Amino acid sequence: MKKKSASPAPAASQQISQRITDLADWRGKTLRRTRTLIKAADPDVIEEWKWVKATNPGVPVWSHDGMICTGEAYKSVVKLTFAKGASLADPAHLFNSSLEGSTRRAIDIREGEDLDESAFKSLIRRAVALNRSGPAPAKKKAKA
C-alpha cells in the first residue's frame with residue numbers, strides 16, 4: 001500500500017503574509033509595516049516560520065547569517081524581539097522591552113504608536129552586521 005505524502009508546508013513568506021491577513025486589525029498593519037522596513041533595510045533578508053505547535057500557529061522570523069528578529073502579535077502589542085539585541089547599539093532607544101536579559105532585547109509597539117522608521121532600519125542593519133561578524137567570544141567562567 002502506498003503512503004500518501006504530506007502536502008508541503010507553505011513557504012515562510014506565504015505564512016507570514018497569511019498571519020498578517022489573519023490579524024485584520026492594527027496588529028496586522030503594524031506587522032506588515034515592520035516587515036516592509038526589514039526588507040528595505042536588508043534586501044537579502046530570509047523569512048522563516050518557526051516554533052509551530054498545537055497551541056501556537058508559528059512565529060515569523062527574519063534572518064541573515066543568523067537570526068535578526070522575530071515578530072509576534074499579542075492582544076495589546078506587536079513584539080519584535082532581537083536575538084542579539086543586548087549587543088546592539090540603540091542610540092534612538094527603540095528597545096523598550098526585555099531590557100533585563102543579557103542577550104535579547106525587544107521593541108513593543110502598541111496601537112497608535114509610531115516607530116522611528118529610519119532608526120529601525122539602522123537597527124536592522126546593525127543586527128545583520130553583528131551576525132556577519134561571527135560568533136561572540138565565549139565568556140570566561142569565574143574561578144571558584
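**Cavity, aromatic cluster and core**

In this predicted model, the largest cavity has a volume of about 30 Å³. A search of the whole structure finds one cavity of 30 Å³ or more. Its lining consists of Met 67, Ile 68, Phe 82, Ala 83, Lys 84, Gly 85, Leu 88, Ala 127, Leu 130 and Asn 131. Strand 3 and helix 3 are the elements that give two or more residues to this lining, and helix 3 gives the most, with three residues. Sorted by class, the lining of the largest cavity comprises seven nonpolar, two polar and one charged residues.

One of the lining residues, Phe 82, leads from the cavity to the aromatic side chains. Two aromatic pairs are counted in the model. In one of them, the ring centres of Phe 82 and Phe 95 lie 5.4 Å apart with the planes at 75 degrees, so the pair is edge-to-face. This pair links distant parts of the chain, since Phe 82 belongs to strand 4 and Phe 95 to the loop between strand 4 and strand 5, 13 residues apart. Phe 82 counts as buried because its relative accessibility is 0%; Phe 95, at 9%, also counts as buried, the cut-off being under 20% relative accessible area.

Phe 82 also pairs with Phe 120, again edge-to-face, at 6.3 Å centre to centre and 85 degrees between the planes. Here too distant parts of the chain are linked: Phe 82 lies in strand 4 and Phe 120 in helix 3, 38 residues apart. Phe 120 has a relative accessible area of 0% and is therefore buried. Phe 82, Phe 95 and Phe 120 together form one aromatic cluster.

The surroundings of Phe 82 extend beyond these rings. Leaving aside neighbours within four places in sequence, Phe 82 is in contact with Ile 68, Cys 69, Leu 88, Phe 95, Thr 103, Arg 104, Arg 105, Ile 107, Phe 120, Leu 123, Ile 124 and Ala 127.

Conventions:
Residues numbered from 1 in each chain as written. Predicted model: local features only at pLDDT ≥ 70, side-chain atom pairs only at ≥ 80, totals over all residues. Heavy atoms only, no water. Contact = heavy atoms within 4.5 Å. Phe/Tyr/Trp six-rings, centres within 6.5 Å; stacked < 30°, edge-to-face > 60°. Helix = DSSP H or I, 4+ residues; strand = E, 2+ residues; numbered from the N terminus. Buried < 20%, exposed > 50% of the residue type's maximum accessible area, 1.4 Å probe, protein only. 1 Å grid on protein atoms, 1.4 Å probe; cavity = no way out; pocket = protein on both sides within 12 Å on 5 of 7 lines; lining within 4 Å. Points joined across faces, edges and corners; volume = space filled by probe spheres on them. Nonpolar A, V, L, I, M, F, W, Y, C, P; charged D, E, K, R; others polar.
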